[in-house]
Amino acid sequence: MLQSLVVGLGRAGAGLHLRVLAQARAAAGELFHPGPVVACDPAPEARGERPGVTVVKSVRAAAALLPPEDTVVHLCTPPVDRAALLGELGDLGFRRIIVEKPLATGLDEYAAVRRACDEHGLAPAVVTHWLDAELTHRLQALTMRRAFGDLRSISVTQDKPRFQRSTLDEGHPTAFDVEIPHALGVVLRLAGPAELLDAEWTDMRSEDFTLPRMGGARLVLRHRGGVLSEISSDLTAPVRERRISLDFERGRATGHFPLSEHDDHAQLTTTGDRVRRVFRDDALTAFVLRAYRHFLHPDPGPDGTFALHGEILRLVAAAKQHCLTALPDLHRRHQHAG
């Protein structure tokens, strides 16, 4: 049996991982030590009383309560200074680690994370719960069966209003770092390796503030087999949507991922359907259960999410560089127009 330590009690730690751990423990009690979950956060305001959770102020204090060799750490801090935290966890003897996405916000940070993991023999599982989604499994089955012929293109839309959190959150420097990594993992799974063709970002604007590069993001990929993918995310949209469409030779499949933790149902429509198929799809709980089973009974080698996030980061970095390179040309066009 494994014990659980949640590091960071912000939106991801308190709002998602503690909730999902309660559901996972209820669904598969044989994986989890029956004692309370331990959580830590240096901020006093985050360390309020939580039923069934023992809260301390640091990972060192947590290590005094838990056997590191039998503990899974949920690293839910913002994606800055991840290498330092992973190094501290490794020094304390923790080896089983789940890391919230994004693993890092740039290639230099990713290289530092890799060095920390190599130094301490860590092979963390990175949150890629959209890959564990029932909707993704059904779309992958359609693609592999070639039910409508060859896959031609994929489009993903991830829109939600994120004004308040964006003003408080320093861990996501651009809109590419918020929702885009979820979809990148899915399109890479469905269509294989890819290279960047185009990208753009926009500022977040309201009457009270402007946040550069946090309004929205879009990128276009060409996969090795010729499939085109377009992923867009508008963080200023008035409504929420998580939609994916696959265009095949002879039809289309359109799916909607659950919008939040308040409802765990997905929907899918394919060419010829008279009604939408609606089904439960608690992807994050499925991911956590799969990660714990892997930690208890590991297959040879890592679980694969670390390498996948390296590829995701490479494409996100290419998109950011594309946008930065395009800025001088855009400025010259505006000057000419003036």
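Student: Ground rules before we start?

Tutor: This is a predicted model, where local features need pLDDT of at least 70, side-chain atom pairs count only at pLDDT 80 or more, and totals for chains, interfaces and linings use all residues. Residues are numbered from 1 along each chain as its sequence is written, and side-chain values use heavy atoms, with hydrogens and water left out. Helices (H or I, at least four residues) and strands (E, at least two) are DSSP runs, numbered from the N terminus.

Student: OK, what is the strand order in the open sheet of six strands?

Tutor: The order is 3-2-1-4-5-6, with parallel pairing. Two strands count as paired if DSSP finds at least two bridges between them.

Student: And which strands stand at the edges there?

Tutor: Strand 3 and strand 6 (125-126); each has a single partner strand, so one side of each is left without a neighbour in the sheet.

Student: How many bridges join strand 2 to strand 3?

Tutor: Four, and the two strands run parallel. C40 stands opposite V56 in strand 3.

Student: Which strands does helix 1 lie across?

Tutor: Strand 1, strand 2, strand 3, strand 4 and strand 5, with helix 1 running at about 170 degrees to strand 1. Axes here are lines fitted to C-alpha atoms, for helices over the stretch in contact, and angles run from 0 to 180 degrees between N-to-C directions. Helix 8 lies across strand 1, strand 4, strand 5 and strand 6, at about 160 degrees to strand 5.

Student: Where does helix 1 bend?

Tutor: At H17, by about 30 degrees. That bend is the angle between axes fitted to the seven residues ending there and the seven starting there.

Student: Which residues of helix 1 are buried?

Tutor: A12, G13, L16, H17, L18, V20, L21 and A24; buried means under 20% relative accessible area, with a 1.4 Å probe and protein chains only. Among the elements that the buried residues of helix 1 pack against is helix 8 (283-296).

Student: Switching topics: what is the order in the open sheet of eight strands?

Tutor: That one goes 8-9-10-7-11-12-13-14, with mixed pairing. Its edge strands are strand 8 (194-205) and strand 14 (277-280), each pairing on one side only. Neighbouring strands of this sheet are turned by 15 degrees against each other on average, direction ignored.

Student: What about strand 10, who does it pair with?

Tutor: Strand 9 and strand 10 pair in the antiparallel sense over seven bridges, while five bridges join strand 7 to strand 10 in parallel. V220 stands opposite E230 in strand 10, and S153 stands opposite L228. Strand 9 and strand 10 also form a hairpin with four residues between them, and G226 in the turn has a positive phi of about 100 degrees.

Student: Last one: at what angle do helix 3 and helix 4 pack?

Tutor: Helix 3 (residues 82-91) and helix 4 (residues 107-120) pack at about 10 degrees, with their axes 8 Å apart. That makes helix 3 roughly parallel to helix 4, a label for angles under 35 degrees. The contact (heavy atoms within 4.5 Å) includes L86 of helix 3 and V113 of helix 4.

Conventions. Buried means under 20% relative accessible area, exposed over 50%, partly exposed in between (1.4 Å probe, protein chains only). Angles under 35 degrees count as roughly parallel, over 145 as roughly antiparallel, 65 to 115 as roughly perpendicular and the rest as oblique.
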